[in-house]
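Reader: I would like to go through this structure term by term. Please set each value against its cut-off.

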Amino acid sequence: MKWRELLGSNLQRIRNYPGISLFLLNLFLGILLLLVRDPFGKFQNTYANADPFFDLDPEKIQTIISGRKGQESILNRDLDGWTVHFAQDQNAPGDRARIEELIRTCLSMRKFTLLSDSNSQPSPLEEFGLDGDEPILEFKDVSGNSLGKILLGARAPKSSGTYVMDEKNRIWLVKENLKLATGAGKQDFFISRNLIPDFPAREFVLEVNVSSASRAQMFSLVADGENWVLKVSGQEIQADPEEAEAFIQSIKKLNADEVILDKAEEIQSLPPKQDFKIEIKTSTDHYIISPIGVTKLGSFVFRKKDLGYKLILDPWNLDPILQKDLSEFATRTLPTNKSF
C-alpha cells in the first residue's frame with residue numbers, strides 16, 4: 001500500500017540523517033514539557049482564562065447605564081470625554097478617570113465561579129444582595145444596541161469579590177470590587193468634580209488671574225510665546241516656565257470633595273475676608289473659580305456655569321494657590337511703565 005511505502009521511505013530517510021530524528025525527538029519533548037508545565041497558564045482552568053462577561057472592544061462602548069431603577073446614571077461618550085445624564089433631566093461632565101476604571105474593571109470580569117444557574121434550585125436571592133433593588137450595569141453601542149448587562153449584588157464575605165447576575169439569571173462570584181468601581185450606585189459618583197472643566201490640550205492657556213481678600217495684591221500670569229510673565233504691583237517679572245506650568249496644572253486639577261444634588265442643602269453667605277476669584281483665559285474660553293457661599297462647616301461652595309448642582313471644597317485645598325509665594329516664580333525683573 002502507498003502509505004506503507006511512504007512510511008518506509010520516511011523511516012529510511014531518518015536513518016540516513018540521524019540529525020533529523022534527534023531534532024524531531026527534541027521538538028516532541030519540548031512540546032510535551034510545555035503542555036505539562038504550562039508556564040504561561042494558557043491551558044489551566046483559572047479565573048484569568050475563563051470566558052469574560054463582556055467580550056467587547058472598549059472603543060465600541062457609547063453608553064453605560066449604572067445604578068438602581070429610577071436612580072440610574074446614564075454615561076454617554078462625546079468628542080472630548082463623557083457626559084453624565086441623571087435625575088430631573090440634568091447633564092454634567094463625566095469623570096473620565098472613574099468611567100475608564102469602571103470599563104477596565106468590567107472587562108476583566110470572568111465567568112469562573114458559578115453559584116446558581118437558571119435550572120438549579122435557586123438559593124435565596126437576599127443572600128447575594130439580589131432581592132429586586134439591585135443596581136444595573138449595562139453597556140450599549142452607538143446604535144443603542146445592548147453589548148451586555150448584569151445585576152450587581154452584595155460584596156462577598158472577607159472582600160473576596162462581588163455577586164452578580166447575568167442575563168440568563170445565573171449568579172456568579174467575580175473577583176472585582178464592583179461596589180467600588182460603581183460608587184455603590186450613587187448618582188453623583190461619575191460626575192466630574194473638576195472646578196475647571198477638563199478642556200482639551202488644543203485649548204491653550206493665555207492668562208491666569210488670582211485675586212483674594214486674604215492677600216494684599218492680585219497677580220497674573222500672562223503667556224509670552226513659550227514663556228510666562230508674572231504681573232504684580234506694577235511690575236512685570238519673567239516667570240520660571242516650569243513653575244508657571246506647575247501652578248496652572250494645580251488650578252486645573254482642583255477637585256471638589258463633594259457634590260450637592262439636593263437644592264435644599266443649607267448654604268451660608270460667604271464671609272468677605274474669604275472671597276476670592278481665580279480666572280483662566282484660554283484661546284477659546286474663559287473659566288472662573290469663585291465661591292457662592294460656605295457650608296456650616298466652613299467649606300467653600302461653588303456652582304458651575306449652566307449646571308444645577310453644587311461642588312464643595314475644603315479651604316486648605318486652595319491655600320497653595322491663594323497664598324502662593326510669588327518669589328517662587330521670579331527669575332528676573334523686566335522694565336515697565338505700566339501701573340496697576
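Author: First, the ground rules. This is a predicted model, where local features need pLDDT of at least 70 and side-chain atom pairs count only at pLDDT 80 or more, while totals for chains, interfaces and linings use all residues. Residues are numbered from 1 along each chain as its sequence is written, and side-chain values use heavy atoms, with hydrogens and water left out.

Reader: Why is arginine 193 called buried?

Author: Buried means under 20% relative accessible area, exposed over 50%, and partly exposed in between (1.4 Å probe, protein chains only). Arginine 193 has 12% relative accessibility, so it counts as buried.

Reader: Where does arginine 193 lie?

Author: In the loop between α4 (178–182) and β10 (205–212). Helices (H or I, at least four residues) and strands (E, at least two) are DSSP runs, numbered from the N terminus.

Reader: What is arginine 193 in contact with, beyond its neighbours within four places in sequence?

Author: Arg98, Asp188, Leu254, Asn255, Ala256, Val259 and Leu311. Contact means heavy atoms within 4.5 Å.

Reader: Which backbone oxygens does the side chain of arginine 193 reach?

Author: That of aspartate 188, at 3.2 Å. The backbone oxygen of isoleucine 191 also lies 3.2 Å from a polar atom of this side chain. A polar contact is a pair of N or O atoms within 3.5 Å; within protein, one must be able to donate a hydrogen and the other to accept it, and residues adjacent in sequence count only if both atoms are side-chain atoms.

Reader: What makes aspartate 188 and arginine 193 a salt bridge?

Author: A salt bridge is a side-chain nitrogen of Lys or Arg within 4 Å of a carboxyl oxygen of Asp or Glu. The side chains of aspartate 188 and arginine 193 meet at 3.6 Å, N to O. Aspartate 188 has 10% relative accessibility, so it is buried.

Reader: How many salt bridges are there by this rule?

Author: Seven. One of them joins glutamate 101 and arginine 104, at 2.8 Å, N to O. These two are three residues apart in helix α3, so about one helical turn separates them. Glutamate 101 has a relative accessible area of 37%, so it is partly exposed.

Reader: Which parts of the chain does the pair of glutamate 243 and lysine 324 link?

Author: The side chains of glutamate 243 and lysine 324 meet in a salt bridge at 2.5 Å, N to O. The pair links distant parts of the chain, 81 residues apart: glutamate 243 is in helix α5 (residues 241–252), and lysine 324 is in the loop between α6 (319–322) and β20 (330–334). Glu243, Lys324 and Glu328 are linked in a network of salt bridges.

Reader: Are glutamate 243 and lysine 324 buried or partly exposed?

Author: Glutamate 243 has a relative accessible area of 24%, so it is partly exposed. Lysine 324 has 9% relative accessibility, so it counts as buried.

Reader: What makes β4 and β5 edge strands?

Author: The open sheet has nine strands in the order β4-β3-β2-β1-β6-β7-β8-β9-β5, with antiparallel pairing. β4 (90–93) and β5 (113–116) each have a single partner strand, so one side of each is left without a neighbour in the sheet.

Reader: How many bridges join β5 to β9?

Author: Three, and the two strands run antiparallel. Two strands pair if DSSP finds at least two bridges between them. Serine 116 stands opposite isoleucine 171 in β9.

Reader: Which residues form the covered face of β4?

Author: Gln90 and Ala92. The uncovered face has Asn91 and Pro93.

Reader: Which residues of α3 are buried?

Author: Ile99, Leu102, Ile103, Thr105, Cys106 and Leu107. What covers them includes β1, β2, β3, β6 and α4.

Reader: What caps the N-terminal end of α3?

Author: Aspartate 95 does, with a side-chain oxygen 3.2 Å from the backbone nitrogen of alanine 97.

Reader: Why is serine 233 called exposed?

Author: Its relative accessible area is 53%, so it is exposed. Serine 233 is found in the loop between β12 (227–232) and β13 (235–239). It has a positive phi of about 50° although it is not a glycine.
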